[in-house]
Amino acid sequence: MAAAPVSGHNGGHGPYGFDPLVPFEQSFDGVYGLEPVGQGFGEDGILRGRVRVRPELLGAEDRLHGGVPAALAEALASLGTALVTMEHGLMPSGLSNDTTVIAAVGAGTTLHAEATPLSRAEDSWVWSVELRDDTGTLCAFSRVTIAVRPLRR
């Protein structure tokens, strides 16, 4: 059953309503170049992000390393879950990530991601993430499950 669109909580300390433990620019997502698009969910209930593909992100045959689309999908799914659950004292944690890369991406391309929540159960959220290149070609897709647990202080 598809989840209804959700809106992110934008009050609080950081840009999404909470302060990260590690400053974004020093985090893994900051290092590979994740750029969140907007300040949360769009009116359509989708969370968006992008990565500009740089030479250091390439693997064999000068193609984008498959770990980058997987990391991008996981990051958006975790962030989207956090936007809704953290204000209730709950913490998102990656549980599974099934990413399939179907088209090569080279340096200079921007990878555009759209993460859509498919299910928002009490203890886990399931997301569908599509990653497209600058021309709109589908390059990778993911199904990511995020566990939702009480925040330990």
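Strands (E, at least two residues) and helices (H or I, at least four) are DSSP runs, numbered from the N terminus. The model is predicted, so to speak of local features pLDDT of at least 70 is needed, and side-chain atom pairs count only at pLDDT 80 or more, while totals for chains, interfaces and linings use all residues. Residues are numbered from 1 along each chain as its sequence is written, and side-chain values use heavy atoms, with hydrogens and water left out.

Next, select E6, residues 138-150. E5 and E6 run antiparallel and are joined by 9 bridges; strands pair if DSSP finds at least two bridges between them. Pick glutamate 130 and then phenylalanine 141, its bridge partner in E6.

A hairpin with 3 residues between the strands is formed by E4 and E5. Select threonine 116 and look across to serine 128 in E5, which stands opposite.

Finally, zoom out to the whole protein. Its 2 helices and 6 strands follow the pattern α-β-β-α-β-β-β-β along the sequence. Of the 153 residues, 38% are buried, meaning under 20% relative accessible area with a 1.4 Å probe, protein chains only. Among contacts (heavy atoms within 4.5 Å) with a separation of 6 or more, 61% are between residues 24 or more positions apart.

Terms used: Buried means under 20% relative accessible area, exposed over 50%, partly exposed in between (1.4 Å probe, protein chains only).
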